Amino acid sequence: SQIKLISHRDPSKSLSYVLQCDAFIGSDSGFKTMSAMCRIPTMVWLADYIDDIRDDLFINPYINDGIMEIFRYKDANQQFDEGLKKTEKFLENIL
């Protein structure tokens, strides 16, 4: 397996790559929802604020199913190293 960054100006082009992934790492977006719905192991960097609808519909069901892990952060810059370590561990366990 290899790590590949996909980032097209047209989101539909980037979205078309999701099904080719062995694992997906991203932010809270439709991309992470698609990967989790397709049962692709998914790691999400998630801003730590209260959003019951987001959590109840798009995060917690996938965590409970064991398909998604999250890294909650208050300040992504300050917690970057912590998030990177958690991401590396996620990839080690998946790949």
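Reader: Which residues of helix 2 (residues 30–37) are buried?

Author: This is a predicted model. In helix 2, the buried residues are Lys32, Thr33, Ser35 and Ala36. Look down the helix axis next. These buried residues fall within an arc of 165 degrees, so they line one face of helix 2.

Reader: Which residues are exposed on the other side of helix 2?

Author: Gly30 and Met37 are exposed there. Exposed means over 50% relative accessible area, and buried means under 20%.

Reader: What do the buried residues of helix 2 pack against?

Author: Packing is read from contacts. The partners are strand 1, strand 2 (42–47), helix 3 (52–64) and strand 3 (68–73).

Reader: What happens at the start of helix 2?

Author: Check the side chain of Ser29. One of its oxygens comes to within 3.2 Å of the backbone nitrogen of Phe31.

Reader: And which residue follows helix 2?

Author: Arg39 follows helix 2. Its place is in the loop between helix 2 and strand 2.

Reader: How do I read the phi of Arg39?

Author: Start with the general idea. Most residues other than glycine have a negative phi. Now the case here. Arg39 is not a glycine, yet its phi is positive, about 65 degrees.

Reader: Let us turn to pockets. What is the volume of the largest pocket?

Author: The largest pocket has about 730 Å³. Then ask what lines it. There are 22 lining residues, and those nearest the centre are Lys4, Ile6, Cys21, Phe24 and Ile25.

Reader: Which element gives the largest share of that lining?

Author: Strand 1 (residues 24–27) does, with 4 residues.

Reader: How does the lining divide by residue type?

Author: Count by class. The lining of the largest pocket has 12 nonpolar, 8 polar and 2 charged residues.

Reader: Where is Ile6 found?

Author: Ile6 sits in the segment before helix 1 (11–15). At 28% relative accessibility, Ile6 counts as partly exposed.

Reader: Which residues does Ile6 contact, leaving aside neighbours within four places in sequence?

Author: Ile6 is in contact with Ser14 and Tyr17. Distance in space is a separate reading from distance in sequence. Ile6 and Val18 are 12 residues apart in sequence, and their C-alpha atoms are 9.3 Å apart in space.

Notes: Residues are numbered from 1 along each chain as its sequence is written. This is a predicted model: local features need pLDDT of at least 70, side-chain atom pairs count only at pLDDT 80 or more; totals for chains, interfaces and linings use all residues. Side-chain values use heavy atoms; hydrogens and water are left out. On a 1 Å grid over the protein atoms alone, a cavity is a set of points where a 1.4 Å probe fits but cannot get out, and a pocket is an open set with protein on both sides within 12 Å along at least five of seven lines; lining residues have an atom within 4 Å of a point. Grid points are joined across faces, edges and corners, and a volume is the space filled by probe spheres set on the points. Helices (H or I, at least four residues) and strands (E, at least two) are DSSP runs, numbered from the N terminus. Ala, Val, Leu, Ile, Met, Phe, Trp, Tyr, Cys and Pro count as nonpolar, Asp, Glu, Lys and Arg as charged, and the others, Gly among them, as polar. Buried means under 20% relative accessible area, exposed over 50%, partly exposed in between (1.4 Å probe, protein chains only). The arc is that of the directions from the helix axis to the C-beta atoms. Contact means heavy atoms within 4.5 Å. A polar contact is a pair of N or O atoms within 3.5 Å; within protein, one must be able to donate a hydrogen and the other to accept it, and residues adjacent in sequence count only if both atoms are side-chain atoms.
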